[in-house]
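Visitor: Please show me how to read a protein model, one feature at a time.

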Amino acid sequence: MPDNDDLTDGERFQTQVAARAHVNQLKGAGALDWGMQSRLARIFNPGTNRTVMLAIDHGYFQGPTTGLERVDLSIVPLLGYPDALMTTRGMVRSTIPATSGVPIVLRASGGPSVLKDLSNEQIAVAMEDAVRLNAAAVAVQVFIGGENETQSVHNMTRLVDEGQRAGIPVLGVTAVGRELVRDARYLRLAVRICAELGAHMVKTYYCAEDFDTVTSGCPVPVVMAGGKKLPELDALTMAYNAIEAGASGVDMGRNIFQSDQPVAMIRAVRAVVHDSAKPEQAYEEFVQPAQHGSS
Ligand code: R5P
């Protein structure tokens, strides 16, 4: 019989102490179901409510991108550093060790290659498979202003419906066609549409002017996309400015894995994102010593 010989007569019930309520500080996440909040907490460090995501999903439309020719050699050694890894189910099953423990943000849209109209994507992963892979989230490209805008938005809303059922958050990725301008006006429109239609977080490019209006107009976390390779200090400065302007982290690929010192670079990005280190400080602490061979 449990507890019959050890009655504490209320002492341990602490009846005068109100029940503790934990409020999830991650933007827009407080009313989500527990499983959804739990998965988001695997991506966004609950200490800072920020994330450093490493994006290596480029191959899903452009094949073996520079730096990703051999993911087993270039990326697997980095898996201890990012908060999450954005990648495809093919790469997960073939190359990413399950024992690494890295949370997976699973690329869930695809179809056209770089040889075709990229906006013509469809959903490329069943939610059931995302569950099977223990994905922390799924990611879908949204082409606001693109040729197949409605189709891509519909891909996202279907994934949101399925994600709600499974408890898996959706990352809306705002893809900006070559003909469009990446300014605050456009980015505000794109991220807000993703959030309004149910995305639990949105990835978008940084713009030098008024990026704070992009983040403040979005009710869920905005994660800054990396873009093409820049000099390390410039990439760190962009990440710093995005965080200062309200971004909840970064999802960077080429600026990390195309760096000559990817470990130093991701550690520097972590310092900027999680410790609010100034870009010069992070560069001097991590990247410069690595360039001189001491790290
Ligand atoms: C972007 O739309 C895709 O998700 C890319 O494959 C990837 O995230 C790009 O990363 P980066 O521009 O930082 O190399």
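Predicted model: local features only at pLDDT ≥ 70, side-chain atom pairs only at ≥ 80, totals over all residues.

Guide: Residues are numbered from 1 along each chain as its sequence is written.

Visitor: Which residues touch the most other members of the largest nonpolar core?

Guide: A nonpolar core is a set of buried Ala, Val, Leu, Ile, Met, Phe, Trp, Tyr and Cys residues joined through C-beta atoms within 7 Å. Buried means 20 or more other C-beta atoms within 10 Å of a residue's own; exposed means 12 or fewer, partly exposed is in between, and C-beta atoms are placed from the backbone. Here the largest core has 90 residues, and Val105, Val138, Ala239, Ala268, Val269 and Val272 touch the most other members. Helix H11 (residues 262–275) gives the largest share of this core, eight residues. Helices (H or I, at least four residues) and strands (E, at least two) are DSSP runs, numbered from the N terminus.

Visitor: What does Ala239 touch?

Guide: Two residues are in contact if their C-beta atoms, placed from the backbone, lie within 7 Å. Leaving out residues up to four places away in sequence, Ala239 touches Met224, Val250, Val269, Val272 and Val273.

Visitor: At what angle do H9 and H11 cross?

Guide: Axes are lines fitted to C-alpha atoms, for helices over the stretch in contact, and angles run from 0 to 180 degrees between N-to-C directions. Angles under 35 degrees count as roughly parallel, over 145 as roughly antiparallel, 65 to 115 as roughly perpendicular and the rest as oblique. The axes of H9 and H11 cross at roughly 25° and come within 9 Å. That makes H9 roughly parallel to H11. From H9, Glu232, Leu236, Ala239, Tyr240 and Ile243 take part; from H11, Met265, Ala268, Val269, Val272 and Val273. By type, the contact of H9 with H11 has nine nonpolar residues, no polar and one charged. Ala, Val, Leu, Ile, Met, Phe, Trp, Tyr, Cys and Pro count as nonpolar, Asp, Glu, Lys and Arg as charged, and the others, Gly among them, as polar.

Visitor: How do H9 and H12 pack?

Guide: Helix H9 (residues 232–244) packs on helix H12 (residues 279–291) at about 135°, with axes 9 Å apart. H9 is therefore oblique to H12. Glu232, Leu233, Leu236, Thr237 and Tyr240 of H9 meet Pro279, Ala282, Tyr283 and Val287 of H12. This contact of H9 with H12 holds seven nonpolar residues, one polar and one charged.

Visitor: Are H11 and H12 roughly parallel or roughly antiparallel?

Guide: Their axes, those of H11 and H12, cross at roughly 160° and come within 9 Å. So H11 and H12 are roughly antiparallel.

Visitor: Which phi does Gln14 have?

Guide: Most residues other than glycine have a negative phi. Gln14 is not a glycine, yet its phi is positive, about 45°. Gln14 sits in the segment before helix H1 (34–43). Gln14 counts as exposed because it has 9 C-beta neighbours inside 10 Å.

Visitor: Where does Asn134 lie?

Guide: Asn134 lies in the loop between helix H5 (127–132) and strand E6 (137–142). Asn134 has a positive phi of about 60° and is not a glycine. With 14 C-beta neighbours inside 10 Å, Asn134 counts as partly exposed.
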